[in-house]
Amino acid sequence: MDNLAQELKPAVAIVGGGWSGLACAIECVHQGLRPTLFEAAPGLGGRARTVRMDGLPLDNGQHIMIGAYTETLSLMRRIGADPDRLLQRLPLTLSFDDGFRLAARGSSRASLALAFVRARGLGWPDRLAALRLLRAIRTPPAAQETVSALLVRTGQTECCLRHLWWPLCISALNTTADRASARAFARVLNDSLMGGHGAADLLLPRADLGALLPEPALFWLRAHGATVKTGTRVLGVQCSGEGFRLECGDGPTVADRIVFATSPHQLPSMLAGLPDMEALAREVSALEYEAINTVHVAFDSTTRLPDAMTGFVDGEPHWVFDRGALGGTPGLLACVVSAARDSREQTEKAVLATLRRQYPQLARPLWVRTISERRATFRCTPDRPVLRQPRDDRIALAGDYLIADYPGTLEAAVRSGLAAARRIARRP
Ligand SMILES: Cc1cc2nc3c(=O)[nH]c(=O)nc-3n(C[C@H](O)[C@H](O)[C@H](O)COP(=O)(O)OP(=O)(O)OC[C@H]3O[C@@H](n4cnc5c(N)ncnc54)[C@H](O)[C@@H]3O)c2cc1C
């Protein structure tokens, strides 16, 4: 009887097992649908996954969440992945190599305001300039404005640029201020700094990325009757009768509804066999991308940096995370270069030189592994195309590129996945 009830639910194929595809599959179960998730890679997680390098589990890149990631945190709770255990919550702290330090002592708005007043390195002209910017962005900036133009318009000081807005822009949008969308930046600042209690808190993974969502989601989905096929690439999709036929590595499959949760650059080939998708494929092809390079450097397990997270005003790396101080592997540093232009080798050389200069007391590293994600996120520019869902309501798109005026983040991926499941569930 149970099997029959399961068979009668509409079958949904979800192509892609990144955070958007996982969110979509979980919400499909809640909506009474029967999802099958196809992931080409051997493991789940997409651009936020645990990889093995020479047998070592490493994140493909250091990820930071913030308190404003409400949908991601609630999704984790829904499947039993407790954010309070898996993430270290720190009131907003920005410490830089040149001694600048802004550290909130709590998660309230008052603590945040006090942190600006007490920040080491911020003078009164800087504080007033920061306030001017935060007041200005209560009105969304013009659609075409860049972050640099917004910073000029609101008269930002050199100190604010170097310690607040440039680093926040490149970390949150993975796009430099001269190219980045002021509207998306304003949205991030409004959601975090102005978002109320806890919204600006930093949530830093204690465990590896796989443990935050991909692994508990796999367990939860299978326990709730969903099918998850890893190592299964979908080669093409066509309409077939009332539904869809998917060509996969392990043979054809049919589904009543379909969600494409691939990275945007992988979408056009998926749409090629479906009618009326040319315009959508053209629009998504217009997106541009930015890389992120992460240099993992392992020292003796007693090694500790003065701060769990340190910014470098001159970039290369932009941030260094002490994974041991965050409850992860002791002695392991993750050094991040956002919007990276250099090769893996050049980045690794520059980062090691910076570490030697900044921390002369460090011994020789035990090992170094550098991971370069060439298309880490779309470039978050004012003119980036915002994609609409296809007219056919049996088809939905999910992915971090689908939320207007929002950068490519885990939260965008999760929100889009939930929205995609709700869209196809609305169909009778
Ligand atoms: C190094 C790095 C650092 C980052 N740092 C942060 C951060 O600090 N904070 C933050 O919020 N975000 C960060 N991000 C961004 C975040 O990781 C992404 O926004 C998010 O993971 C995107 O998820 P997605 O599901 O939209 O896409 P993806 O993760 O790209 O998922 C798409 C999946 O589809 C699969 N697929 C593609 N084609 C097929 C096919 N034909 N058949 C089957 N499967 C297919 C792919 O293998 C992939 O697993 C970072 C990203 C990187 C790379």
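Mentor: Start with Leu131, which sits in helix α6; helices (H or I, at least four residues) and strands (E, at least two) are DSSP runs numbered from the N terminus. This is a predicted model: local features need pLDDT of at least 70, side-chain atom pairs count only at pLDDT 80 or more, and totals for chains, interfaces and linings use all residues. Residues are numbered from 1 along each chain as its sequence is written, and side-chain values use heavy atoms, with hydrogens and water left out.

Trainee: Is Leu131 buried, partly exposed or exposed?

Mentor: Buried means under 20% relative accessible area, exposed over 50%, and partly exposed in between (1.4 Å probe, protein chains only). Leu131 counts as partly exposed because its relative accessibility is 46%.

Trainee: Which residues make the nonpolar surface patch?

Mentor: Leu114, Val117, Trp124, Leu128 and Leu131 make a patch of about 490 Å². Both α5 (109–118) and α6 (124–136) supply at least two of the patch residues, and α6 gives the largest share, three.

Trainee: How many residues surround the ligand, and which are the closest?

Mentor: A residue is near a molecule if one of its heavy atoms lies within 4 Å of it. Here 37 residues surround the ligand, and the closest are Glu39, Ile64, Tyr69, Ser263 and Asp400. The largest share of this shell, three residues, comes from β19.

Trainee: What lies 2.7 Å from an oxygen atom of the ligand?

Mentor: A polar side-chain atom of Asp400 does. For Tyr69, a side-chain N or O atom is likewise 2.7 Å from a ligand oxygen.

Conventions
Patches are made of residues with over 30% relative accessible area and no salt bridge: like charges are joined within 9 Å, nonpolar side chains (Val, Leu, Ile, Met, Phe, Trp, Tyr) within 5 Å. Accessible areas come from the Shrake-Rupley method with a 1.4 Å probe; for residues, only the protein chains shown count as cover. A salt bridge is a side-chain nitrogen of Lys or Arg within 4 Å of a carboxyl oxygen of Asp or Glu. A polar contact is a pair of N or O atoms within 3.5 Å; within protein, one must be able to donate a hydrogen and the other to accept it, and residues adjacent in sequence count only if both atoms are side-chain atoms.
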